[in-house]
Amino acid sequence: VIADHIRACSFLIVDGVIPGNEGRGYVLRRIIRRAIRHGYKLGCKQPFFHTLVGELARVMGEAYPELPAARTKVEQVLKQEE
């Protein structure tokens, strides 16, 4: 669940979606919160979700070159929401 959610959230943020209260932004916010909740159930008590972006960029960077270029922005948005 967490792996799928970090991928979806990162791709949405690269495409210009930011967490919000309406529309696509709300969907992104719910996905982020669901992933964080799963992490907490696994024992993660500190913010962790934004740290997964680096590995995702490494793995998916060749297929989605926009991701490594926007890695810092994605990490900032996820950390702020977390």
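Reply: Happy to! Helices (H or I, at least four residues) and strands (E, at least two) are DSSP runs, numbered from the N terminus. Glu-81, for instance, has its place in helix α5 (residues 71–81). This is a predicted model, where local features need pLDDT of at least 70, side-chain atom pairs count only at pLDDT 80 or more, and totals for chains, interfaces and linings use all residues. Residues are numbered from 1 along each chain as its sequence is written, and side-chain values use heavy atoms, with hydrogens and water left out.

Me: Does Glu-81 count as buried or exposed?

Reply: Buried means under 20% relative accessible area, exposed over 50%, and partly exposed in between (1.4 Å probe, protein chains only). Glu-81 counts as buried because its relative accessibility is 18%.

Me: Which residues does Glu-81 touch?

Reply: Contact means heavy atoms within 4.5 Å. Not counting residues up to four places away in sequence, Glu-81 touches Pro-19, Arg-29, Ile-32 and Arg-33. A polar contact is a pair of N or O atoms within 3.5 Å; within protein, one must be able to donate a hydrogen and the other to accept it, and residues adjacent in sequence count only if both atoms are side-chain atoms. The side chains of Glu-81 and Arg-33 make such a polar contact (3.4 Å).

Me: How do I read the packing of two helices?

Reply: Two packed helices are described by the angle between their axes and the distance between the axes. Axes are lines fitted to C-alpha atoms, for helices over the stretch in contact, and angles run from 0 to 180 degrees between N-to-C directions. Here, helix α1 (residues 2–14) and helix α2 (residues 23–41) have axes that come within 9 Å and cross at roughly 150°. That makes α1 roughly antiparallel to α2; angles under 35 degrees count as roughly parallel, over 145 as roughly antiparallel, 65 to 115 as roughly perpendicular and the rest as oblique.

Me: At what angle do α1 and helix α3 pack?

Reply: The angle between α1 and α3 (residues 53–60) is about 80°, with their axes 10 Å apart. The two are therefore roughly perpendicular to each other. From α1, Ile-6, Arg-7, Ser-10 and Phe-11 make the contact, together with Val-53, Leu-56 and Met-60 of α3.

Me: What does Gly-54 contact?

Reply: Gly-54 is found in helix α3. Leaving aside neighbours within four places in sequence, Gly-54 is in contact with Arg-71 and Glu-75. The C-alpha atoms of Gly-54 and Arg-71 are separated by 7.0 Å, although these residues lie 17 residues apart along the chain.
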